[in-house]
Amino acid sequence: LEFRFLESAADPPVSGLGPVLSADYDDPHALERLAAHVDVVTYEFENVPVEAARALEAWVPVHPTPSALEMAQDRLTEKTEFRRLGIQTAPFRPVDSLDQLRAALSELGMPAVLKTRRFGYDGKGQAVIRQESDVAPAWDTLGGVPLILEGFVDFERELSVVGVRGMDGEFRCYPLSENHHENGILRVTRAPAPGLTPQLQAEGEAILRSVMESMGYVGVLAIELFQVGDHFRANEMAPRVHNSGHWTQDGASVSQFENHLRAVVGLPLGPTDEVRPSVMVNLLGDLPNLTEVLELPGAHLHLYGKAPRPGRKLGHVNIVTESAEASMATARRLLSMLPPPMG
Ligand code: AMP
């Protein structure tokens with residue numbers, strides 16, 4: 001496959017992989033030039049403007065469908081669609097004024113989580129309301145844009161389900177992974193998730209599959225899940241390859257990246273079940289001593305070529321050994337070598 005990229009940021013990590021058209025995503029001339037040179041368009045960032053994806057669709061196939069982008073960009077639309085498909089979520093209410101916030105709080109109770117409907121990521125654009133005195137500060141920080149209030153889910157752990165759907169409707173799903181965050185940013189993914197039962201795997205797959213089938217989705221999709229008892233509440237979806245699926249580069253015979261590309265160009269999908277126990281650790285903020293990282297048994301280093309900045313994802317290390325315990329023991333050693341993520 002040959003690649004071309006449209007990217008507004010200077011010096012993007014993809015620059016070594018093909019020509020980069022340096023322009024805003026919604027620049028109509030850039031979109032037309034991109035479309036003139038490619039057979040298919042995909043994206044790996046969910047804040048691409050939906051209008052840009054729709055404009056491209058007039059010239060070339062765009063996968064995943066721009067409707068998936070639209071759904072993922074608005075937490076209210078996303079959760080409403082999950083519910084329509086019979087998928088459990090936290091209880092939620094739209095909030096556009098302080099009065100609505102108070103009304104929603106009296107219905108959902110406290111604690112609750114107030115979030116911006118759009119452009120939130122890595123825990124940004126949200127506030128937990130635990131008591132009456134949190135209400136005004138949360139509104140002052142977030143108010144003025146459309147919001148959603150969610151009931152607080154007292155979950156046991158956070159998992160994600162990553163899978164792929166091909167043009168012919170074939171569906172394949174990786175084992176669910178368990179995710180751990182630091183300062184709201186993903187730090188560690190364990191795959192398969194410890195204690196993953198066939199029933200949990202089946203429930204995660206059914207959630208993913210129903211979302212994909214409802215919109216004729218083609219490509220990789222990830223859904224973040226809260227585990228409550230033996231069931232899930234869906235939190236949010238990402239219509240792209242996902243950070244919690246990066247372990248598949250070294251722990252699966254066909255990675256999420258390869259499967260995404262196979263899907264969007266209409267090739268057969270590769271296996272998602274031939275996996276080795278993996279732990280993915282994100283390198284955040286600043287890099288550790290890379291020679292020491294490479295000396296760890298089973299460690300595979302992936303760097304993005306980005307400048308250090310507090311909290312920024314600069315790369316990740318996949319640790320793949322013969323057992324989940326050994327991979328996790330090495331991950332703990334790696335974690336003790338890392339600089340603090342926020343500087
Ligand atoms: P999000 O941006 O929706 O992924 O939220 C970031 C993190 O906040 C999640 O990974 C959870 O740890 C936590 N969180 C989000 N929504 C809720 C909720 N409704 N109840 C409890 N914790 C939540």
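View 1. Asn183 belongs to the loop between β9 (177-182) and β10 (185-191); helices (H or I, at least four residues) and strands (E, at least two) are DSSP runs, numbered from the N terminus. Its phi is positive, about 50°, although Asn183 is not a glycine. Most residues other than glycine have a negative phi, and most peptide bonds are trans.

A word on what you are looking at: this is a predicted model, in which local features need pLDDT of at least 70 and side-chain atom pairs count only at pLDDT 80 or more, while totals for chains, interfaces and linings use all residues. Residues are numbered from 1 along each chain as its sequence is written, and side-chain values use heavy atoms, with hydrogens and water left out.

**View 2. Asp11 is another residue with a positive phi, near 55°.** Look for Asp11 in the loop between β1 (5-7) and β2 (20-22). Asp11 is exposed, with a relative accessible area of 69%.

View 3. Pro111 lies in the loop between α5 (98-108) and β4.

**View 4. The ligand is surrounded by 16 residues.** The closest are Arg75, Lys115, Val153, Glu158 and Glu236; a residue is near a molecule if one of its heavy atoms lies within 4 Å of it. By class, this shell holds 6 nonpolar, 4 polar and 6 charged residues. Here Ala, Val, Leu, Ile, Met, Phe, Trp, Tyr, Cys and Pro count as nonpolar, Asp, Glu, Lys and Arg as charged, and the others, Gly among them, as polar.

**View 5. Now look at individual atoms around the ligand.** A backbone N or O atom of Val153 lies 2.8 Å from a nitrogen atom of the ligand. In the side chain of Asn235, an N or O atom is 3.0 Å from a ligand oxygen, and for the side chain of Glu224 the distance to an oxygen atom of the ligand is 3.5 Å. On its own the ligand has 470 Å² of accessible area, and the protein covers 88% of that; such areas come from the Shrake-Rupley method with a 1.4 Å probe. Elements giving two or more residues to the shell are β4 (112-116), β6 (147-151), β11 (219-228) and β12 (231-238).

**View 6. The largest nonpolar core has 24 residues.** A nonpolar core is a set of buried Ala, Val, Leu, Ile, Met, Phe, Trp, Tyr and Cys residues joined through side-chain atoms within 4.5 Å. Phe82, Leu208, Val211, Leu221, Ile223, Leu225 and Met237 touch the most other members. Among the elements that give two or more residues to this core are α3 (66-72), β7 (157-165) and α7 (198-214). The largest share, 5 residues, comes from α7.

**View 7. Leu221 has contacts with residues beyond its neighbours within four places in sequence.** Those residues include Val161, Leu208, Val211 and Met237, where contact means heavy atoms within 4.5 Å.

Terms used: Polar contact = N/O pair within 3.5 Å; in protein donor to acceptor, adjacent residues only side chain to side chain. Buried < 20%, exposed > 50% of the residue type's maximum accessible area, 1.4 Å probe, protein only.
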